[in-house]
Amino acid sequence: MAMRTSLSISRKFLHPRRSLSSSRPANADVTHAVIGAGVVGLAVARELASREGTSTILLERHDAPGTETSSRNSEVIHAGLYYGVDTLKTKLCIKGKEMMYDLCARNGLPHRNTKKWIVAQTEEQWAAALKTHEHAQKIGVPTRLIGRAEAQALEPEVQALAGIVESPTTGIVDSHSLMTYLQGDFEDRGGDCAFLTNVTGIEALNGGKNGYRITAVTSDGTETSITAETLVNSAGNYACYINNMVLPPERHRTPYYAKGTYFSYAASFPKTSVLVYPATLPGHGGLGTHLTLDLGGRIRFGPDVEWVDDPNDLVPSPARLQQALREIKTYLPNVDPEAISLDYCGIRPKLERGGAVNTGKGFQDFIIQEEEGFPGFINLLGIESPGLTSSLAIGEMVKGLLYGRK
């Protein structure tokens, strides 16, 4: 539904609300406004809506949730193997993975624990794979080495000339079913979704101490506004724009976009029951052109990494297919090139042109913080992979930032 006027929203939320503290305003239209209804925004809004005596609105410029990054990914439940010990990506991925499996099992959401093989073809790749294995032991994520004979027996079509590290807790999830559930549960908790609502301006009232006035334009061109005690920026590829509406110029951020192309596979051979990822070398923007499965067991490949300037650049390029095919054939040598087709593209929200995995130079962690000097403004920036896996844990973290850890 389109966002209503602030007056009608105020009338809906006339039930008593608990302000965050005695110093915060009690006359805002809503307690929480969340911008962006991707899987992370849905998870955050659902978590905040569980807070007794509060009201939450979720603002989304499209006509449905999850139409950008959240619906254009590999739908993988990641184990949490690739990031530094003290990073948010590690902590939230591991916690989110547990929460995701539990939520899906309890609510009958389509998912499967597929396992994942990290395959190495060269000594350099094997060294990187072994580092991933050793790191996993340090952070308590199970991995094991697969010998050549076992690999041949389990997955004879998968080639790994130098070695294999298995991740037994990796899986897949139907992201659309997940988001449908999160939206429904959010609304059951009293939350309100405002689709076709494009945020065009944000005013921090008294530096945020009196809340945030959000101006938006609906699909028919009507401009309206709403005041929220707290504001959560979960706008994905547009999060930097929301950041720049609120914070002073010296704290503005520049977005970067890593386009990933996915490829479908129409043949029934070769088959695999596990996900297959090339060993990742430091500094890469993604995890290589890997093999994933959908819940019907169909193979798909991708994404690759292509830096673009436009977050709406979602047209697959035929040139990417030939580049990806070379990498695919290293681990699936009997693949039928004629059965691989361009499928779809997604855009990863980046804060710089650096690596998504490993630590050191170029690594960019999630940014999830209440911005200094702007009470109640929670910024979620650079929420790329493993954002889907981490989404439920991010929701808990945001609630903790606003209300404390209890």
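How many cavities of 30 Å³ or more does the count come to? The count comes to two. A cavity here is a set of points on a 1 Å grid over the protein atoms alone, where a 1.4 Å probe fits but cannot get out. Grid points are joined across faces, edges and corners, and a volume is the space filled by probe spheres set on the points.

This is a predicted model, in which local features need pLDDT of at least 70 and side-chain atom pairs count only at pLDDT 80 or more, while totals for chains, interfaces and linings use all residues. Residues are numbered from 1 along each chain as its sequence is written, and side-chain values use heavy atoms, with hydrogens and water left out.

**Stop 1: the largest cavity**

Select Gly236, Asn237, Ala239, Cys240, Pro255, Tyr256, Tyr257, Pro349, Lys350, Leu351, Leu381 and Gly382, which line the largest cavity; lining residues have an atom within 4 Å of a point. The space inside is about 50 Å³. Helix H7 (239-246), strand S13 (256-265) and strand S18 (340-350) are the elements that give two or more residues to this lining. Helices (H or I, at least four residues) and strands (E, at least two) are DSSP runs, numbered from the N terminus.

Now colour by domain, with bounds from an automatic or database domain assignment. Domain 1 (29-112 + 170-254 + 355-405) and domain 2 (116-168 + 256-350) each supply at least three residues of the lining. By class, eight lining residues are nonpolar, three polar and one charged. Ala, Val, Leu, Ile, Met, Phe, Trp, Tyr, Cys and Pro count as nonpolar, Asp, Glu, Lys and Arg as charged, and the others, Gly among them, as polar.

**Stop 2: helices H3 and H9**

Next, select residues 88-107 (H3) and 387-403 (H9), whose axes come within 6 Å and cross at roughly 100°. The axes are lines fitted to C-alpha atoms over the stretch in contact, and angles run from 0 to 180 degrees between N-to-C directions. H3 and H9 are therefore roughly perpendicular (65 to 115 degrees). Residues of H3 including Leu92, Met99 and Leu103 meet residues of H9 including Leu388, Ile394 and Met397, where contact means heavy atoms within 4.5 Å.

**Stop 3**

Go to the loop between strand S20 (377-381) and H9, where Pro386 is found. Ser385 and Pro386 are joined by a cis peptide bond, with omega about 10°.

Pro303 sits in the loop between strand S16 (299-301) and strand S17 (306-308). A cis peptide bond links Gly302 to Pro303, and omega is about 5°.

Finish at Lys115, in the loop between strand S4 (111-112) and strand S5 (116-120). Lys115, a residue other than glycine, has a positive phi near 75°.

Notes
Angles under 35 degrees count as roughly parallel, over 145 as roughly antiparallel, 65 to 115 as roughly perpendicular and the rest as oblique. On a 1 Å grid over the protein atoms alone, a cavity is a set of points where a 1.4 Å probe fits but cannot get out, and a pocket is an open set with protein on both sides within 12 Å along at least five of seven lines; lining residues have an atom within 4 Å of a point.
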